[in-house]
Amino acid sequence: MGLRVRRATAEMEDGSQHDDDPKSRAGKRPISLPQALRADIKLHLERYAQPGATGRLFVGPQGGIPRRRNFNRVWKKALKDAGIPNDMDLHLHDLRYTGSTWSARSGGP
């Protein structure tokens with residue numbers, strides 16, 4: 001299973017948001033996802049993403065584009081809901097690094 005990032009939302013210092021190409025060529029590459037995540041991704045798409053091939057993968061509870069200033073609150077709630085203790089000091093990019101490590105160990109790019 002794979003996905004490709006085709007558009008990214010950038011938030012400007014004045015709070016405005018603009019959809020554009022990802023910043024770099026690396027941001028446009030296909031991303032391989034383990035088959036074991038298929039059910040979780042399908043559930044996320046059904047419950048939390050906008051419908052259709054061009055729908056946003058992440059939207060706020062009222063359908064809006066998530067904002068950087070709200071992310072910390074949402075992230076902390078997600079960690080609490082998942083039972084992850086505060087003292088782990090888990091950050092979003094920790095998941096990215098972990099996923100990349102697991103992918104490399106299993107023969108992925």
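Helices (H or I, at least four residues) and strands (E, at least two) are DSSP runs, numbered from the N terminus. This is a predicted model: local features need pLDDT of at least 70, side-chain atom pairs count only at pLDDT 80 or more, and totals for chains, interfaces and linings use all residues. Residues are numbered from 1 along each chain as its sequence is written, and side-chain values use heavy atoms, with hydrogens and water left out.

**View 1. The whole chain, before zooming in.** Count up the elements and you get three helices and four strands. Reading from the N terminus, they run β-β-β-β-α-α-α. Taken along the principal axes, the C-alpha atoms fill a box of roughly 40 × 35 × 25 Å. Of the contacts (heavy atoms within 4.5 Å) with a separation of 6 or more, 39% are between residues 24 or more positions apart.

View 2. The predictor's confidence in each residue is its pLDDT, from 0 to 100. The chain averages 81, and 94% of its residues reach 70 or more.

View 3. Buried means under 20% relative accessible area, exposed means over 50%, and partly exposed is in between (1.4 Å probe, protein chains only). Buried residues make up 7% of the 109 residues here. The chain exposes about 9500 Å² (Shrake-Rupley method, 1.4 Å probe; for residues, only the protein chains shown count as cover). Carbon and sulfur atoms supply 55% of that area. There are 20 positive and 12 negative charges, and their mean positions sit 5 Å apart. For this tally Lys and Arg count as positive and Asp and Glu as negative, while His and the chain ends are not counted. Each charge is placed at NZ of Lys, CZ of Arg, CG of Asp or CD of Glu.

**View 4. Glutamate 11 in strand β2.** Look in strand β2 (residues 8–11) for glutamate 11. Is this side of the story buried or exposed for glutamate 11? Glutamate 11 counts as buried because its relative accessibility is 19%. Leaving aside neighbours within four places in sequence, glutamate 11 is in contact with Ser16, Gln17, Pro66, Arg67, Arg68 and Arg69.

**View 5. Lysine 28, between two strands.** Lysine 28 is in the loop between β3 (17–20) and β4 (30–32). With a relative accessible area of 33%, lysine 28 is partly exposed. Not counting residues up to four places away in sequence, lysine 28 touches Arg4, Val5, Asp21 and Pro22.

**View 6. Arginine 38 in helix α1.** Helix α1 holds arginine 38, a partly exposed residue at 43% relative accessible area. Glutamine 17 is 21 residues away from arginine 38 along the chain, and their C-alpha atoms are separated by 30 Å.

**View 7. Glycine 60 and the helix α2.** Glycine 60 belongs to the loop between α1 and α2 and counts as partly exposed, at 21% relative accessibility. From its C-alpha to that of valine 74, 14 residues apart along the chain, the separation is 9.6 Å. Helix α2 (residues 68–81) has 14 residues and reaches 20 Å from first C-alpha to last. That is close to the expected 20 Å, which is 1.5 Å times one less than the number of residues. After α2 comes glycine 83, with a positive phi near 80 degrees.

**View 8. Aspartate 89, on the way to α3.** Aspartate 89 lies in the loop between α2 and α3. Its phi is positive, about 50 degrees, although aspartate 89 is not a glycine. For background, most residues other than glycine have a negative phi. Aspartate 89 is exposed, with a relative accessible area of 52%.

**View 9. Helix α3 and its glycines.** Glycine 99 lies in helix α3 (residues 92–105) and is partly exposed, at 33% relative accessible area. The C-alpha atoms of glycine 99 and glutamine 50 are separated by 24 Å, with the pair 49 residues apart along the chain. Helix α3 has 14 residues and reaches 21 Å from its first C-alpha to its last, close to the 20 Å expected. Glycine 107 follows α3, and its phi is positive, near 95 degrees.
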